[in-house]
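Here is a brief report on one protein chain. Keep the sequence and the 3D view open as you read.

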Amino acid sequence: MPAVSKGDGMRGLAVFISDIRNCKSKEAEIKRINKELANIRSKFKGDKALDGYSKKKYVCKLLFIFLLGHDIDFGHMEAVNLLSSNRYTEKQIGYLFISVLVNSNSELIRLINNAVKNDLGSRNPTFTGLALHCIANVGSREMAEAFAGEVPKILVAGDTMDSVKQSAALCLLRLYRTSPDLVPMGDWTSRVVHLLNDQHLGVVTAAASLITTLAQKNPEEFKTSVSLAVSRLSRIVTSASTDLQDYTYYFVPAPWLSVKLLRLLQCYPPPEDPAVRGRLTECLETILNKAQEPPKSKKVQHSNAKNAVLFEAISLIIHHDSEPNLLVRACNQLGQFLQHRETNLRYLALESMCTLASSEFSHEAVKTHIETVINALKTERDVSVRQRAVDLLYAMCDRSNAQQIVAEMLSYLETADYSIREEIVLKVAILAEKYAVDYTWYVDTILNLIRIAGDYVSEEVWYRVIQIVINRDDVQGYAAKTVFEALQAPACHENLVKVGGYILGEFGNLIAGDPRSSPLTQFHLLHSKFHLCSVPTRALLLSTYIKFVNLFPEVKGTIQDVLRSDSQLKNADVELQQRAVEYLRLSTVASTDILATVLEEMPPFPERESSILAKLKKKKGPSTVTDLEEAKRERSADVNGGPEPAPASTSAASTPSPSADLLGLGAAPPVPTGPPPSSGGLLVDVFSDSPSAVAPLAPGSEDNFARFVCKNNGVLFENQLLQIGLKSEFRQNLGRMFIFYGNKTSTQFLSFTPTLICSDDLQANILGSASLTHAHLSLQTKPVDPTVDGGAQVQQAVNIECVSDFTEAPVLNIQFRWEPRRGSSRSCWAQGYGGTFQNVSVKLPITLNKFFQPTEMASQDFFQRWKQLSNPQQEVQNIFKAKHPMDTEITKAKIIGFGSALLEEVDPNPANFVGAGIIHTKTTQIGCLLRLEPNLQAQMYRLTLRTSRETVSQRLCELLSEQF
């Protein structure tokens with residue numbers, strides 16, 4: 001073996017490591033280490049000055065000892081001295097020791113910073129690279145304060161070598177992640193974007209990571225990166241693997257860079273430039289096409305790299321949510337992965353399809369895979385994949401498949417893993433309520449849910465079923481009969497006893513005429529469960545018994561005997577004892593009229609946000625600022641539930657709202673805290689006392705408004721400071737809209753004040769205002785916090801009621817003050833954002849077609865009704881040029897999204913589209929028939945609408961014509 005010279009290695013270090021490895025015991029190792037530490041300490045303290053090689057060797061030994069788990073309390077100064085060496089190996093060991101052992105509070109940090117600063121200014125690129133690595137590895141706030149201004153200069157300098165640019169980009173990324181407030185935004189930001197055009201792909205890869213992180217917080221600063229990223233991505237995906245030989249991984253050209261560029265593009269909406277947008281679409285289509293090609297290698301690395309690019313491209317398609325063809329193709333591609341032998345691919349496919357299911361364009365395509373997803377739920381071995389299958393079934397559920405999906409979830413629930421049972425229970429409860437057309441099915445579903453997984457049915461679920469039964473007269477008798485039959489099972493879950501006790505106490509009289517469910521039978525059935533229940537359930541049953549005294553006088557004596565028993569009057573639990581004493585006394589001394597008044601039927605509950613949905617959201621974790629992007633693609637699963645009903649008691653509740661409904665959309669608002677606004681003015685200020693002048697509609701507001709005619713969810717408005725997202729749901733003449741206000745900056749919005757503005761033919765019934773009997777549209781809402789933190793979002797709910805048909809939509813005006821931090825974008829200052837009171841107005845997409853309820857009709861019924869609406873005042877027709885490609889599937893999706901039912905095989909011409917529905921208002925219902933005749937050769941449409949009211953026909957025709 002050749003001798004190791006001082007320049008090539010350290011024999012002493014090699015011998016020491018060999019000695020440590022040869023130790024037979026822990027004690028021998030410690031003894032050898034202590035001996036070496038004593039030797040090193042004596043060398044460092046000796047009079048003789050050590051040369052660089054010796055310092056390097058001893059510092060390496062200390063580093064090795066530290067990595068073995070022993071504390072090192074000396075040698076730091078010697079490591080700092082190595083930083084001033086001109087030899088690479090010595091400097092490298094010095095930086096390594098400092099990166100591992102020196103903390104940010106060290107007294108030597110100033111000396112270290114001086115040495116690092118010298119190396120950053122060195123003409124030797126190797127030394128500069130070592131200094132950048134040290135800054136990134138330590139990453140302390142002190143390092144950021146010292147070098148956050150220097151690193152960007154190195155990054156954008158024209159004479160910097162490629163390897164140093166890579167290190168500088170990653171170093172700056174590290175500093176920005178640890179101390180974003182210390183990294184100044186300046187002239188370098190516009191120059192760093194152009195690194196995406198660099199010839200060295202390593203520099204481009206590092207720059208893409210940096211720009212993506214920076215763009216998430218400062219999107220306007222790096223907006224120009226979109227076109228450059230698209231250009232670079234286009235060159236990669238269209239190149240052969242031989243063109244990028246150094247960056248090709250198993251026949252996939254630059255997969256990591258492709259993923260980073262696709263992720264960068266997800267920071268922005270679709271490009272406005274048609275050329276850039278077209279080029280991006282071509283890239284995405286190419287990626288989807290390559291996924292269909294036979295694999296060029298059987299190695300797993302090839303498929304992993306190829307699929308990584310594919311899934312990131314699908315994420316971008318979902319993020320943009322603007323290309324129907326791409327969305328459907330992405331869905332079909334993911335559908336192929338659902339039965340792939342690789343578990344990870346099945347998981348990722350299910351996860352991506354969950355978000356695809358939220359798009360109006362691809363929802364129907366996702367539904368075609370329902371049988372595959374159900375099969376995965378039954379046969380998949382991996383619990384995480386089964387959970388994603390549950391999530392996808394929940395996302396793809398709508399009125400057409402709700403009963404099938406709920407039935408499959410209930411079937412799976414019997415064998416589901418304990419870790420996900422509670423979540424499945426919540427989702428089944430939400431879907432059963434949201435899509436319940438027949439509420440007898442809803443009652444059966446919830447009782448079945450309690451039977452199968454009673455331990456996982458939270459209080460919110462059985463509270464909710466009681467609330468719905470009480471609020472709906474048509475289901476009360478059926479609910480009483482069903483719970484009576486369910487309680488006859490030998491073993492009943494306690495939650496079923498709670499539901500049964502409450503419902504029979506309120507509506508047991510509806511089934512008392514049947515000898516099989518006589519009053520005494522009902523009482524004995526409930527009391528047979530009494531001793532098996534917990535104290536809260538016993539308390540509820542005692543309340544049911546006193547209700548029976550009022551409903552069924554013939555069982556009064558039997559119930560009094562129970563209340564009079566020692567087990568009740570002398571119960572160890574104070575609550576049970578007090579109820580027994582008070583109920584017994586009440587039944588003894590009160591007259592029949594008093595009993596009937598005190599124990600009258602509980603009034604309907606006022607409707608509020610569903611506690612079931614709130615619990616599900618809580619399980620999923622708190623929302624983040626990126627939820628605004630999610631709001632663009634999430635289908636609303638919101639059901640606006642009610643409060644949690646207490647056990648049946650003797651107190652009466654307030655009178656219910658006359659329009660109380662399952663969705664709770666017409667519920668009366670809470671008592672206002674401030675003075676009501678004037679009902680006479682057209683400008684209705686939701687939150688502030690003295691509104692400022694209202695701004696004109698923001699640029700592009702009309703286009704965004706038109707996009708929402710056939711969809712309910714998405715981003716309504718976005719600029720450099722603010723993003724407004726919507727999620728809405730409508731049923732008959734009622735609706736609820738959630739508005740998300742997102743602060744895209746890093747500083748607070750102050751005096752944040754949204755205001756609703758209504759035209760002459762609209763009036764808004766805002767929170768606290770008097771009811772307007774002649775209003776066309778009634779709106780109820782609540783104030784939001786006037787301060788919106790940087791990077792945060794606030795949510796506002798608007799309850800909507802259509803009183804009569806209307807034409808104009810309300811306008812949402814947002815006013816706030818924004819004070820930018822030092823170093824913010826100059827363009828923001830130039831455009832008037834800096835420190836001024838911002839004023840933004842957008843049209844709120846509340847249109848007449850939102851109150852459409854689809855109606856299925858046979859061909860004969862359709863044309864019979866069509867002839868009945870033949871008066872000239874009832875028909876409106878429009879012939880217009882197609883503005884978009886005439887695609888059959890997209891046309892169908894838009895007609896369904898418009899709100900009407902799409903009637904198949906009704907029109908004699910199969911190329912035509914016909915639909916039917918009913919516009920629901922508070923005062924009337926207006927039937928509507930439509931017929932759309934496309935002419936592919938002339939690229940034109942003829943749209944005909946017939947309704948019983950001319951203004952409705954005119955408005956619906958205007959709205960629908962703009963969609964094609």
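## Exposed or buried

A residue counts as exposed when its relative accessible area is over 50%, and as buried when that value is under 20%. The model discussed here is predicted.

Leu 67 sits in helix α3. Its relative accessible area is 60%, so Leu 67 is exposed. Leu 175 belongs to helix α10, which spans residues 162-178. Leu 175 has a relative accessible area of 0% and is therefore buried.

## The nonpolar patch

Leu 67 is one of the residues in a nonpolar surface patch, together with Phe 66, Leu 96 and Val 100. The patch covers about 340 Å². Two helices contribute: α3 (52-67) and α5 (88-101) each supply at least two of its residues.

## Around Leu 175

What does Leu 175 touch, once its neighbours within four places in sequence are left aside? Its contacts are Ile 135, Ala 144, Ala 148, Val 151, Pro 180 and Val 183. Take Ile 135. It lies 40 residues from Leu 175 in sequence. In space, the two C-alpha atoms are 8.2 Å apart.

Strand β6 covers residues 734-743, and ten of its ten residues are buried. In a regular strand, side chains alternate between the two faces of the sheet. Both faces of β6 are covered. One side carries Leu 734, Arg 736, Phe 738, Phe 740 and Gly 742. The other carries Gly 735, Met 737, Ile 739, Tyr 741 and Asn 743.

β6 pairs with strand β5 (residues 722-731) through ten bridges, and the two run antiparallel. They form a hairpin with two residues between them. In that turn, Gln 732 has a positive phi of about 55 degrees. β6 also pairs with strand β9 (residues 793-802), again antiparallel, through nine bridges.

The chain averages a pLDDT of 81, and 85% of the residues score at least 70. Confidence is highest in helix α14 (residues 255-265), with a mean of 92. It is lowest in strand β3 (residues 683-684), with a mean of 32.

Residues 1-7 have pLDDT below 50; beyond near neighbours in sequence, this stretch has eight contacts in the model. Residues 622-692 are also below 50, and that stretch has 199 such contacts. Where pLDDT is low, the predicted coordinates should not be read in detail.

Methods. Residues are numbered from 1 along each chain as its sequence is written. This is a predicted model: local features need pLDDT of at least 70, side-chain atom pairs count only at pLDDT 80 or more; totals for chains, interfaces and linings use all residues. Side-chain values use heavy atoms; hydrogens and water are left out. Patches are made of residues with over 30% relative accessible area and no salt bridge: like charges are joined within 9 Å, nonpolar side chains (Val, Leu, Ile, Met, Phe, Trp, Tyr) within 5 Å. Accessible areas come from the Shrake-Rupley method with a 1.4 Å probe; for residues, only the protein chains shown count as cover. A salt bridge is a side-chain nitrogen of Lys or Arg within 4 Å of a carboxyl oxygen of Asp or Glu. Helices (H or I, at least four residues) and strands (E, at least two) are DSSP runs, numbered from the N terminus. Buried means under 20% relative accessible area, exposed over 50%, partly exposed in between (1.4 Å probe, protein chains only). Contact means heavy atoms within 4.5 Å. Two strands pair if DSSP finds at least two bridges between them. pLDDT is the predictor's confidence in each residue, from 0 to 100.
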